[in-house]
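Hello,

Here is the structure I promised to pass on to you. Have a look at it first, and then read my notes below.

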Amino acid sequence: MKKIWNKTNLISILITIPIILIIGYISINYFGDYGWTIFLFIPILLGFLPPFISGRKIKMERNDAYNLSFMAFIIASLSLLFFAIEGLICIIMASPILLFGGWIGSYLGYKSSRSKFLNQTNTTIILLALSLGFMSFDYINEPINLISVKTKVIVNAPINEVWENVITFDKIDEPKEWIFKTGIAYPTNATIKGTGVGAVRYCNFSTGSFVEPITTWNKPNLLQFSVQEQPIPMNEFNPFWEVHPPHLDGYFKSYKGQFKLISISENITELEGTTWYKVDINPEFYWRFWSDLIIHKIHKRVLIHIKQASEN
């Protein structure tokens, strides 16, 4: 800690934080993107700049560079919370990929700090070019394909009874799963207006309601619906202020869903729930891990409730 807390290192962090906040603000608020700029370029830059700046002034070992970059990450995270830019849960969810990028940046900053080519002017030009390149790529890199998530349960009840509990179901008990304790939305009950194709199903969540016009009513085997409206995916937690970051509005979007019922025997039914969605946050492979996990948990909560209601 003695090597981190000195005037040179403090100045390098104070120079870095405003730079990454400005780049992040432009990427989100002007380009409308949570993508490679936010989750790759900025973490690399956050790791790179402090050891690069300090290393040109003072002698620095590789571990000193890693420690300095990690301290910059902590201060940047606290800044996001204090200035009501982001919530704690999303920072925690993003931390693995942010820290990985920061580690890469820290190593590059350490190696580059003594470079004769990377003077202040050249470094500024390179960083500006990379910033524009990443933000431009994010701007044109829109999600194309729908992602499907399927979850199945076996219900020890006749298919017609299961169907009735699929159409509507009563209030589900408060969740015990840890993931729903973080503010992530969870289903509470479902109602419907009308019957058959054209009826409107309301799947109510802790943050609002999914409005689901019925597109296929094949009783008792298949119920399909589109998603006309949907609530925010979570209530963000911030220890300082109430926050509503832009990624809560439209960056995760459900397009359609279905319940498929197969009669295994007279009193055994296979029940499968499917959701088709897009996640407009990159890298998709990383955020899809989280979204698939959450959707499976939501499916399980609904399907287990239907199973229990049908069997009882």
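This is a predicted model: local features need pLDDT of at least 70, side-chain atom pairs count only at pLDDT 80 or more; totals for chains, interfaces and linings use all residues.

**How α1 and α3 meet**

The axes of helix α1 (residues 7-29) and helix α3 (residues 62-82) come within 10 Å and cross at roughly 45°. An angle of 65 to 115 degrees would count as roughly perpendicular, and one under 35 degrees as roughly parallel; α1 and α3 are therefore oblique to each other. The crossing of α1 past α3 is right-handed.

Which residues bring the two helices into contact? On the α1 side they are N9, S12, I13, I17, I20 and L21, and on the α3 side L68, M71, A72, I75, A76, S79 and L80. Sorted by class, this contact has 10 nonpolar residues, three polar ones and no charged ones.

**The whole protein**

Stepping back, you will find seven helices and seven strands in the protein. Their order along the sequence is α-α-α-α-α-β-α-β-β-β-β-β-β-α.

How much of the protein is buried? The answer is 48% of its 312 residues. The exposed surface comes to about 16100 Å², with carbon and sulfur atoms supplying 61% of it.

One last item concerns contacts along the chain. Among contacts in the protein with a separation of 6 or more, 68% are between residues 24 or more positions apart.

Enjoy exploring it!

Best wishes

Notes
Residues are numbered from 1 along each chain as its sequence is written. Side-chain values use heavy atoms; hydrogens and water are left out. Axes are lines fitted to C-alpha atoms, for helices over the stretch in contact, and angles run from 0 to 180 degrees between N-to-C directions. Helices (H or I, at least four residues) and strands (E, at least two) are DSSP runs, numbered from the N terminus. Angles under 35 degrees count as roughly parallel, over 145 as roughly antiparallel, 65 to 115 as roughly perpendicular and the rest as oblique. A crossing is left-handed if the near helix is turned anticlockwise from the far one by less than a right angle, and right-handed if clockwise. Contact means heavy atoms within 4.5 Å. Ala, Val, Leu, Ile, Met, Phe, Trp, Tyr, Cys and Pro count as nonpolar, Asp, Glu, Lys and Arg as charged, and the others, Gly among them, as polar. Buried means under 20% relative accessible area, exposed over 50%, partly exposed in between (1.4 Å probe, protein chains only). Accessible areas come from the Shrake-Rupley method with a 1.4 Å probe; for residues, only the protein chains shown count as cover.
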